[in-house]
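Morning, everyone. I have one structure to go through today, so let me put it on the screen.

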Amino acid sequence: MTRSRRYAVAAATLAALLALAGCGQAPWNAGGAGESPSPSASRNSPVPTPVSNDLSSGSTQRQVTAGAVAATIDYWSTLSMDRWTATALKPISVSMVTTVTPDDGQKVYLQKASMVAVPGNASTSFPALSAQTDQSSVSPGYLVLSPYSYSQTFNVGEVPPEATFVTVQFTYDFLVQTTPTSAEYAKQTASDTLTIAISGGGE
């Protein structure tokens, strides 16, 4: 190659390099201050802990046992879940019917039903609200052996604004006849717990 031709090739190569420099960074080197956050950065953001809600569908049914007594209990609220706020009066209705095994004709009575509500959030359990009790006004109690049932409504009052849920603890005291004609009774106690979300809690 002649000297003049070598100069021409070198000049053309330099011009091409200068043209590339004028176009900015190569695509594989793009990035820096203007780039979008990486997916890993967004994954580091805190994610709220989901709150379980046993009444998310508006109602729930439970089966509990106490000795020979098996109780079917329906729970529901006439207040929609989006209105279960910290300051609202939040009703929980209860309907119960029982069976006894073996069924020799003896009856089952509900002597007492009580409810205690304990508000809380992911990190704190707040003091329990005052207990509510339905003590039978008749002796030996309310007849709850199928087909006879028991119904009552309890209320969860105001809870701390930091609460995101309330744990509702129910206790049921039953009296079971020892024989169909006996005036003697055996006491059996069953318990059940619901967790219900507080709408807007923790805000």
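Predicted model: local features only at pLDDT ≥ 70, side-chain atom pairs only at ≥ 80, totals over all residues.

In total the structure holds 5 aromatic pairs. In this one, the ring centres of Tyr109 and Tyr185 are 6.1 Å apart and the planes stand at 85°, so the pair is edge-to-face. The two residues are 76 apart in the chain, with Tyr109 in strand S4 and Tyr185 in strand S9, and the pair thus links distant parts of the chain.

Another of the pairs is Phe170 with Tyr172, and this one is stacked, with 6.2 Å from centre to centre and 0° between the planes. Both of these residues are buried. Ring pairs also join Phe170 and Tyr172 with Tyr75 and Phe154 in a cluster.

That takes us to the core. Which residues touch the most other members of the largest nonpolar core? They are Phe170, Tyr172 and Phe174, in a core of 39 residues. The elements giving two or more residues to this core are strands S1 (59-66), S2 (69-76), S3 (90-100), S4, S7 (150-156), S8 (165-177) and S9 (185-197). Strand S8 gives the most, with 6 residues.

Tyr172 is worth a look on its own. Beyond its neighbours within four places in sequence, Tyr172 is in contact with a list of residues that includes Ile73, Tyr75, Val94, Met96, Leu110 and Ala113. Lys112, Gln188 and Thr189 are also among the contacts of Tyr172.

Now the chain as a whole. Its secondary structure comes to 2 helices and 9 strands. Along the sequence, the pattern is α-α-β-β-β-β-β-β-β-β-β. The chain has 203 residues, and buried residues make up 34% of them. If we take contacts between residues at least 6 apart in sequence, 66% of those join residues at least 24 apart. The accessible surface comes to about 12,100 Å², and carbon and sulfur atoms account for 54% of that.

Two loop positions before I stop. The first topic is Ser136, in the loop between strand S5 (132-135) and strand S6 (142-143). Is Ser136 buried or exposed? Ser136 is buried, because its relative accessible area is 13%, and the limit for buried is under 20%. A polar atom of the Ser136 side chain lies 2.7 Å from the backbone oxygen of Val138. Leaving out neighbours within four places in sequence, Ser136 is in contact with Leu110, Gln111, Gly141 and Tyr142.

The other position is Ala128, in the loop between strands S4 (108-120) and S5. Ala128 counts as partly exposed, because its relative accessibility is 45%. Where does the chain come back to Ala128? The C-alpha atom of Ala128 is 5.8 Å from that of Ala117, and the two residues are 11 apart along the chain. With neighbours within four places set aside, the contacts of Ala128 are Val116, Ala117 and Val118.

That is what I have for today.

Methods. Residues numbered from 1 in each chain as written. Heavy atoms only, no water. Helix = DSSP H or I, 4+ residues; strand = E, 2+ residues; numbered from the N terminus. Buried < 20%, exposed > 50% of the residue type's maximum accessible area, 1.4 Å probe, protein only. Polar contact = N/O pair within 3.5 Å; in protein donor to acceptor, adjacent residues only side chain to side chain. Contact = heavy atoms within 4.5 Å. Core = buried A, V, L, I, M, F, W, Y, C linked by side-chain atoms within 4.5 Å. Areas by Shrake-Rupley, 256 points an atom, 1.4 Å probe, with all protein chains shown as cover. Phe/Tyr/Trp six-rings, centres within 6.5 Å; stacked < 30°, edge-to-face > 60°.
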